Amino acid sequence: MAKAYDRVEWVFLERVMAKLDFDDRWIKLIMNCVSSVSYAVLVNGHKSSFFSPGRGLRQGDPLSPYLLIPYVQGLSALINKCGRERKLHGLKICNRAPVVSHLLFADDCIIFARATMEEAEKLKEVLADYEKEPRHMVNFDKSEVYFNKNILGNRRREICLELNIKEVDKLARYLGLPTMVGRSKKLGFSNLRDKVRN
């Protein structure tokens, strides 16, 4: 998501918390934490007077990722609806496992779908619907698509063009963990093991 923390509308956040049946006192407390911030900037080495923003969350504040959850719930609901309607198919790791259609953490998202033009078109529609909400925006410049090695080049190009997303042959790490683990799990998770030991 593009500038997810900066785009949070306080009025929308307050309405969502009320809709989720949070207690009025809790909502007032949270909104006081969110809206009581003020900033000053350095201009040519001189500090400006303080000013208060009208929207946004402080990045780095431990509370901010949790306050972003109601915002990304809209995307999650849209993807789940498509899954129930069998218009987007997620990933199933074994017969008895549930289908995983997406993973969300704060402003990061991984979406699993079949490599077909129908699902690419549906995903594009879902992302467009998500962007209709107040100030939501998908950052297509930072978005990537990764294909199974069995998907042919022509279909890959068509899907990338449809989604306006670049293809990568190796996914980056997600939340500090490898997104793909090959045969050597020991090698794939050695970095995590070393951090825990330290």
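E125 is partly exposed, with a relative accessible area of 41%; this class lies between buried (under 20% relative accessible area) and exposed (over 50%), as computed with a 1.4 Å probe on protein chains only. In this predicted model, local features require pLDDT of at least 70 and side-chain atom pairs count only at pLDDT 80 or more, whereas totals for chains, interfaces and linings use all residues. Residues are numbered from 1 along each chain as its sequence is written, and side-chain values rest on heavy atoms, with hydrogens and water left out.

E125 is joined to K122 by a salt bridge whose closest N and O atoms are 2.9 Å apart, a salt bridge being a side-chain nitrogen of Lys or Arg within 4 Å of a carboxyl oxygen of Asp or Glu. Both residues belong to helix α4, where 3 residues, about one turn of the helix, separate K122 from E125. An α-helix has 3.6 residues a turn, so residues three or four places apart point the same way. K122, with a relative accessible area of 15%, is buried.

Helices (H or I, at least four residues) and strands (E, at least two) are DSSP runs, numbered from the N terminus. The buried residues of α4 are E119, A120, K122, L123, V126, L127 and Y130. Viewed down the axis of α4, these buried residues fall within an arc of 165° and therefore line one face of the helix; the arc is that of the directions from the helix axis to the C-beta atoms. They pack against α3 (64-84), β4 (108-111) and α5 (153-163).

L127, in helix α4, counts as buried at 8% relative accessibility. Beyond its neighbours within four places in sequence, L127 is in contact (heavy atoms within 4.5 Å) with L75, V138 and F140. L127 and L78 are separated by 49 residues in sequence and by 8.7 Å in space, C-alpha to C-alpha.

The structure holds 8 salt bridges. One of them joins E85 and K81 at 3.2 Å, N to O, and K81, E85 and K87 are linked in a network of salt bridges. E85 is partly exposed at 34% relative accessibility, as is K81 at 42%. A further salt bridge connects R58 with D61, the closest N and O atoms being 3.5 Å apart. R58 is partly exposed, with a relative accessible area of 30%, and D61 is also partly exposed, at 22%.

W26 lies in helix α2 (residues 24-35) and is partly exposed at 42% relative accessibility.

The protein chain contains 7 helices and 6 strands, in the order α-α-β-β-α-β-β-α-β-α-β-α-α from the N terminus on. Buried residues make up 29% of its 198 residues. Of the contacts in the protein chain with a separation of 6 or more, 55% are between residues 24 or more positions apart. The accessible surface of the chain comes to about 14200 Å², with 54% belonging to carbon and sulfur atoms; accessible areas come from the Shrake-Rupley method with a 1.4 Å probe, and for residues only the protein chains shown count as cover.
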